[in-house]
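The following exercises concern a two-chain complex with a ligand. Each task is followed by a solution in steps.

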Amino acid sequence: MHLAHLRLRDFRNYARLNADFAPGFHLLLGDNAQGKTNILEAIYLMATLRSFRGVGSAQMIRHGQKGYFVGGKVVGQGEREIKMFWSARERNLTLDGRAVKKLGDFLGTLRTVVFCTEDLQLVKGTGRTRRRFLDLLLTQTQPGYLPLLQRYMQAVRSRNALLKQFAPDPRLLESFSEQLVKLGNELIRHRRELIPKLSPLARLAYRRISNDAEELRINYEPSVKTDFSVELAQVRDRERRFRATLIGPHRDDLQLSFNDKSAAQFGSEGQKRTLAIALKMAQAEYLTGIHGSAPVLLIDDVMGELDAKRRAGLLPLLERARETSGQVFMTCTEENWPRELGRELQRWEVKAGALHGAKS
Amino acid sequence: MLPDSITSLIAALAKLPGVGPRSAERIALHLVQTEAETVKHLANAIVHAREKIQFCTTCGALTEKSPCSICEDSRRDGSLVCIVERAVDILSIEKSGTFRGKFHVLGGKISPLDGVEPEDLRIAELEKRLTGEPIKEIIIALSTDVEGDATSHYLAKRLTRAGLKISRIAYGLPAGSGLEFADELTLSRALEGRREM
Ligand SMILES: Nc1ncnc2c1ncn2[C@@H]1O[C@H](COP(=O)(O)OP(=O)(O)OP(=O)(O)O)[C@@H](O)[C@H]1O
Ligand SMILES: [Mg+2]
Ligand SMILES: [Zn+2]
């Protein structure tokens, strides 16, 4: 799959942009603050309807304008046209000219995996970051997962609202607990099934790009140990004190460890960085395996931070993207772009919200 | 700039369900350029309908006289009652033409997030009907989102009594107005058969 065309209007520092992209490697070169990452952000937005910088849509509107437009043509099995417009007053999302009614039908039109400095939070950050990672991967591979997750979160919020009341009606609480447990068990099952498939891919990726011989382990750490309803009943008193739903998939985590010691607590900075990249590589490999074609890889700055050995470890993944007529977008500043990537790349110069094809 | 009277008409129209700012503007501009007689007729029809229509004190349906014609219809099966969320749901079930029992409009669903509690719904009215009418079976036909499901569960628990059968059909789709990207818009769950609760 590849993004054949990108159109931006009033998105970040781009007043307007029209660009055609062939499959293969694209190197976005430019000084700082010129708009390299903004391009990756727009592509990721079309894939997930979110910014990988974790900001809301309002921030992506070009200063002083009312709304942004992001559109693109995706070539995979067929050709799909995505158009999204967002302003405070109006939101519009169409696929091939028709309004998108079910998000599940839309997500998957464009699949991306982003590598960015924020990835380090996968190792250092809270469980929320790791749950997001799992949720995105499951959304990208399991058609019913997103609606399920949304229903579950609705059940959590409803239940929390009940628990905030002075004396919640026990029968009512019971009714929402039943929803919570039913939906939560489904989520747990999906996550439990995913980890054993993801784990070997991450280990392999880690081994390929790391300089150490430590054994990486990824374990699913569900908040619910065996029986959701039973455990929920056990925390009832604490729930009443804290006035919130204390257990369930919304409190799940992933345990990342080296030789059985927590990566966040005992890993070196370099190990953590490498681990974060390995997780993203595993995501890309997993998607490739499931869908038979590589996702579009968006690599923001990270290549420049890696030493030659670790860069070399990334190459097979990038090569595979090329073999399956996939696409890679990589941002770099002029001084640190990985020259060993060879001649077969399209260089672009990014300058003050404009993109120009450059000769390689 | 549009004259104030048009702007306020647009604002009033935009409050109607399913009418976005753009269609409100189109309708308003159409109305102010339509013959005065026609517009007066429309305005009268709106006021007249509003004055005539009331809720059936028994089932909660929209009606001109209470009890409504469905509640009064002796050919309908009075032992069977279908619980719906809103009065308009009766119309769609009636259109399908397969249901021969009576109705009870709940007036919404329990929503802790929107502050809708059981007391805000017509549940007490239903309990009264259960003692006064020969009801043997209740079919709950609420939307299939989390709140609809929890409300159904709650009702099944609360209404349980000897000799009363309670079942559930999945009905309707959670409304997906306003396109917020992060939300699933429709969760179409096929109409499963009745499930006894
Ligand atoms: N909403 C916005 N409207 C207008 N300009 C914006 C907006 N948001 C960010 N910018 C501008 O975009 C530029 C940053 O773009 P971007 O993050 O893509 O830079 P970059 O080329 O990736 O730089 P670096 O190499 O430092 O990562 C800045 O000049 C910033 O002021
Ligand atoms: Mg950048
Ligand atoms: Zn009636």
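## Exercise 1: Elements and confidence

Chain B holds 7 helices and 7 strands, where helices (H or I, at least four residues) and strands (E, at least two) are DSSP runs numbered from the N terminus. The model is a predicted one, in which local features need pLDDT of at least 70, side-chain atom pairs count only at pLDDT 80 or more, and totals for chains, interfaces and linings use all residues. Residues are numbered from 1 along each chain as its sequence is written, while chains are lettered from A and ligands numbered from 1 in the order in which they are written.

**Solution.** 
- Step 1. Among the elements of chain A, strand S1 (residues 2-11) has the highest mean pLDDT (98) and helix H11 (residues 302-305) the lowest (73).
- Step 2. Where pLDDT is low, the predicted coordinates should not be read in detail.
- Step 3. For the complex, the predictor gives an ipTM of 0.80 and a pTM of 0.84.

## Exercise 2: Interface and ligand shell

**Task.** Determine how many residues each chain gives to the contact, and which residues come nearest to ligand 1.

**Solution.** 
- Step 1. Chain A gives 25 residues to the contact and chain B gives 21.
- Step 2. The side of chain B that touches chain A has 12 nonpolar, 2 polar and 7 charged residues. In this classification Ala, Val, Leu, Ile, Met, Phe, Trp, Tyr, Cys and Pro count as nonpolar, Asp, Glu, Lys and Arg as charged, and the others, Gly among them, as polar.
- Step 3. Around ligand 1 there are 18 residues, of which A:Asn13, A:Asn32, A:Lys36, A:Thr37 and A:Asn38 come nearest; a residue is near a molecule if its C-beta atom, placed from the backbone, lies within 6 Å of it.
- Step 4. By class, this shell has 11 polar, 4 nonpolar and 3 charged residues. Its largest share, 3 residues, comes from helix H1 (residues 36-48) of chain A.

## Exercise 3: Nonpolar cores

**Task.** Identify which residues touch the most other members of the largest nonpolar core.

**Solution.** 
- Step 1. A nonpolar core is a set of buried Ala, Val, Leu, Ile, Met, Phe, Trp, Tyr and Cys residues joined through C-beta atoms within 7 Å. A residue is buried if 20 or more other C-beta atoms lie within 10 Å of its own, exposed if 12 or fewer, and partly exposed in between, with C-beta atoms placed from the backbone.
- Step 2. The largest core has 76 residues, and A:Ile43, A:Ala202, A:Ala278 and A:Leu298 touch the most other members. Helix H10 (residues 269-291) of chain A gives the most to this core, with 10 residues.
- Step 3. Apart from this core lies another, of 40 residues, including A:Tyr145, A:Leu172, B:Cys59 and B:Ile138.
- Step 4. Not counting residues up to four places away in sequence, A:Ala202 touches A:Leu216, A:Ile218, A:Ala278, A:Leu279 and A:Ala282.

## Exercise 4: Loops and backbone geometry

**Task.** Is A:Ala352 buried or exposed, and where is B:Pro67 found?

**Solution.** 
- Step 1. Strands S14 (residues 345-350) and S15 (residues 355-358) of chain A run antiparallel and are joined by 4 bridges; strands pair if DSSP finds at least two bridges between them.
- Step 2. A:Ala352 is found in the loop between S14 and S15 of chain A, and has a positive phi of about 45° although it is not a glycine. A:Ala352 is exposed because it has 11 other C-beta atoms within 10 Å.
- Step 3. B:Pro67 is found in the loop between strand S2 (62-63) and helix H4 (69-72) of chain B. A cis peptide bond joins B:Ser66 and B:Pro67, with omega about -5°.

How values were computed: Contact = placed C-beta atoms within 7 Å. pLDDT = per-residue confidence, 0-100.
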